[in-house]
Amino acid sequence: MPSLKEIKNRIVSVNSTRKITSAMKMVASSKLHHAQQMIENMLPYENTLERILKTFLASEVDAHTIFSEARDVKKVALVVYSSNSSLCGGYNANIIKMMNNVVDEYKNTIGKENIIIYPIGRKVAEQAKKNGLQCAGDYTVLAEKPAISQCIDIANELCEKYASGEIDKVELIYHHFKSAGSQILQRRTFLPIDLDYDIGADNDRDLRLKSVTPAMQEYLRNKVKEEIKDAERAIPLNDNFIVEPDMETVLQALIPQYANLMIYTALLDSNASEHAARMVAMQTATDNADELLRELNLQFNKSRQQAITNELLDIVGGSVNN
């Protein structure tokens, strides 16, 4: 049985850890609030642009572009989003696992040397180098501070390589932020433009939720079917387009904007998911520390009471003997 001093030292140690996890949870909560605001500000522009481009490509017979035509895949690029730091539960592990699965899938058909990784985040960059994969650059800063300018550079580079035939397909691997307690691992085709992907399919984010409680976590775990809510359906845009000055000019203006937005949206989703995962992990760690402190305090009180009882027995025994 541990001594009183050992138990007391452990209580002090757990208390210090609890202070750290509690502080990290509050910091992650603050960053999550900021990330949610960034997504909320971007959503109206994203929805309108996606609807215009996809409706236009789907409705106009002559609206052909190299970026919407699928071709045989001989070389593929994967844009993978992770974090730069740990302590966010299974966030990075899930991303790395999916990346490895996708790499294995393509490796069997086109070979490992024809796979290029665009690692946004230090964790996925380290894993890609460890696996001997070809990395296109260093984007660790982007994972900490999302910036539209760097996203535009990445999107332009990918579009140029796709147009020139250097790359035949581009995929995004990231966490889609659904709520503070739920982040969904996503694998989405970036190029060619996926016309079958439902317009606004990712608009299921709950941007009002700022905290995670044990009751809510239990609800999310046991939730099988979501409630069907009556909502007003968006009126589709008129498919009778008048194109000015010409179709090629319009597509050349829309497609780069859409590509930039997809990279930036995935980055914001990934960033919000990281902070949400860290907040949940730190909340769980704090709750575990509270439980451990209760057990240690109980053990400390029992040991102290036992030590006092033994001392009293020694005193009583000594007086009887005398």
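## Basis

The model is predicted: local features need pLDDT of at least 70, side-chain atom pairs count only at pLDDT 80 or more, and totals for chains, interfaces and linings use all residues. Residues are numbered from 1 along each chain as its sequence is written, and side-chain values use heavy atoms, leaving out hydrogens and water.

## The chain

The chain holds seven helices and five strands; these are DSSP runs numbered from the N terminus, with helices being H or I of at least four residues and strands E of at least two. From the N terminus, their order is α-β-α-β-α-β-α-α-β-β-α-α.

Of the 322 residues, 40% count as buried, meaning under 20% relative accessible area with a 1.4 Å probe and protein chains only.

## Strand E2

Strand E2 covers residues 115-120, and six of its six residues are buried. Ile115, Ile117 and Pro119 point one way, while Ile116, Tyr118 and Ile120 point the other. In a regular strand, side chains alternate between the two faces of the sheet.

## Neighbours of E2

Strand E1 (residues 76-81) pairs with E2 in the parallel sense over six bridges; pairing requires that DSSP finds at least two bridges between two strands. Alanine 77 has isoleucine 116 of E2 as its bridge partner. E3 (residues 134-135) also runs parallel to E2, joined by two bridges, and here isoleucine 116 stands opposite glutamine 134.

The chain passes from E2 through helix H3 (residues 122-130) to E3 in a right-handed β-α-β crossover. Right-handed means that, with the strands pointing away from the viewer, the path from the first strand over the helix to the second runs clockwise. E1, helix H2 (residues 91-107) and E2 also form a right-handed β-α-β unit.

Methods: Buried means under 20% relative accessible area, exposed over 50%, partly exposed in between (1.4 Å probe, protein chains only).
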